[in-house]
Amino acid sequence: AKHMGRLLKISTRRLGPPPGRDMGAGVLLDLGIHDLDLVQWTSGATIVSPIAHFVSRVVSDRDDLAIVPGAMTSGALFQTESSWVSPTKERSIELVFTSGTVSLNLLSGEVAVTEQVGREIEWEAVRDFFGAGRAKSLVYGVKTVEPLVAQHRAMCHAVSTKNWSHLPGIGESIDLIRLIEGLYKNSRLRDGVS
C-alpha cells in the first residue's frame with residue numbers, strides 16, 4: 001500500500017450481537033482493545049488524542065457500543081467502533097491513503113484495493129456525478145484463521161520453544177489497558193448515550 005501514498009485514516013468495525021453472558025467488562029475492553037491495537041500495529045504509529053463516546057445499559061450493565069475517534073503520532077486519523085448491539089457480526093478495517101483505499105473483511109478474508117488512476121473522466125455529466133478522477137479496484141481472497149486459534153497456537157509454540165520474541169510485549173498490553181482506562185475516566189457512562 002506504500003505506492004498509494006501517505007496513510008490518512010484508519011477505520012475499524014468490530015460489531016456483533018450480545019455475548020449472552022456477563023463479560024466482566026464493557027465492549028470497549030472486550031472487543032475495542034483489539035482494534036485499538038490493530039490501528040497502532042497497522043499504522044506503525046501511536047494513538048495520541050483519543051476520545052470515547054459510549055452507549056451503555058442496552059444489553060448489559062456496562063458500555064455496549066463504543067466509538068473512539070482520534071489522531072496518531074503520524075498525523076493520520078482513526079476511528080474504531082465496537083458494539084454488542086448489532087444483529088450481525090462484522091470485523092473490518094479500512095485504510096485511506098492519499099491515492100487509494102484498502103478495505104479488509106477480517107471474517108471472509110476479502111481484501112479490496114481501490115487506487116486512483118490518473119485519467120480524468122471526459123464526459124461532463126458522469127464527471128459531475130462521480131467526481132473528476134477514475135479508480136481501479138481489485139478484490140483478493142486471503143485465507144483466514146480464527147483469531148483465537150491463531151493466538152492459542154502462537155502461545156503453545158512460544159511455551160514449547162521458549163521463544164517469546166514473536167509475541168507482543170507486556171509493555172504494549174499495559175499501554176493499551178492504560179489507554180482504555182483513560183477513555184473510561186474521561187467519559188461519564190450513563191444509561192443511553194454518554
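## Close-up views of a predicted model

**View 1. A salt bridge joins D35 and R14.** The side chains of D35 and R14 come together in a salt bridge, with 2.8 Å from N to O. This pair links distant parts of the chain: D35 belongs to helix α1 and R14 to strand β1, 21 residues apart. Are these two residues buried or exposed? Both D35 and R14 are buried. Please keep in mind, here and in every view that follows, that the model is predicted.

View 2. R62 sits in the loop between β2 and β3, while D22 sits in the loop between β1 and α1, so the pair ties together parts that are 40 residues apart in sequence. R62 counts as partly exposed, at 26% relative accessibility, whereas D22 counts as exposed, at 60%. R62 also forms a salt bridge with D61, where the closest N and O atoms are 3.0 Å apart.

**View 3. R13, E81 and E90 form a network.** Salt bridges that share partners join R13, E81 and E90 into one network. How many salt bridges does the count come to? The count is five.

**View 4. F54 and Y184 stack their rings.** A search of the whole structure finds one aromatic pair. The partners are F54 and Y184, which are stacked, with 5.3 Å from centre to centre and 10° between the planes. They link distant parts of the chain, as F54 is in strand β2 (residues 53-56) and Y184 is in helix α4, 130 residues apart. F54 counts as buried because its relative accessibility is 1%, which falls under the 20% limit. Y184, with a relative accessible area of 22%, is partly exposed.

**View 5. The largest nonpolar core gathers 30 residues.** Within this core, L28, L36 and M72 touch the most other members. Which elements give two or more residues to the core? They are β1 (7-15), α1 (27-43), β3 (63-71), β5 (90-97), β7 (110-120) and α4 (170-185). Helix α1 supplies the largest share, seven residues. In soluble globular proteins, nonpolar side chains tend to be buried together.

**View 6. L36 and the residues it touches.** Leaving aside residues up to four places away in sequence, L36 touches L28, I47, V68, F78, T80, L176, L179, I180 and L183. L36 and L28 are also among the core residues that touch the most other members.

**View 7. Three valines make a nonpolar patch on the surface.** V58, V59 and V85 form this patch, and together they have about 210 Å² of accessible area. V85 is found in the loop between β4 (77-83) and β5. With a relative accessible area of 35%, V85 is partly exposed.

**View 8. The whole chain, for orientation.** The protein chain has four helices and nine strands. From the N terminus on, its elements run β-α-β-β-β-β-β-β-α-β-α-α-β. Of its 194 residues, 31% count as buried. The chain exposes about 12200 Å², and carbon and sulfur atoms supply 57% of that area. Among contacts with a separation of 6 or more, 60% involve residues 24 or more positions apart.

How values were computed. Residues numbered from 1 in each chain as written. Predicted model: local features only at pLDDT ≥ 70, side-chain atom pairs only at ≥ 80, totals over all residues. Heavy atoms only, no water. Core = buried A, V, L, I, M, F, W, Y, C linked by side-chain atoms within 4.5 Å. Buried < 20%, exposed > 50% of the residue type's maximum accessible area, 1.4 Å probe, protein only. Contact = heavy atoms within 4.5 Å. Phe/Tyr/Trp six-rings, centres within 6.5 Å; stacked < 30°, edge-to-face > 60°. Patch = residues over 30% accessible without salt bridge, like charges linked within 9 Å, V, L, I, M, F, W, Y side chains within 5 Å. Areas by Shrake-Rupley, 256 points an atom, 1.4 Å probe, with all protein chains shown as cover. Salt bridge = Lys/Arg side-chain N within 4 Å of Asp/Glu carboxyl O.
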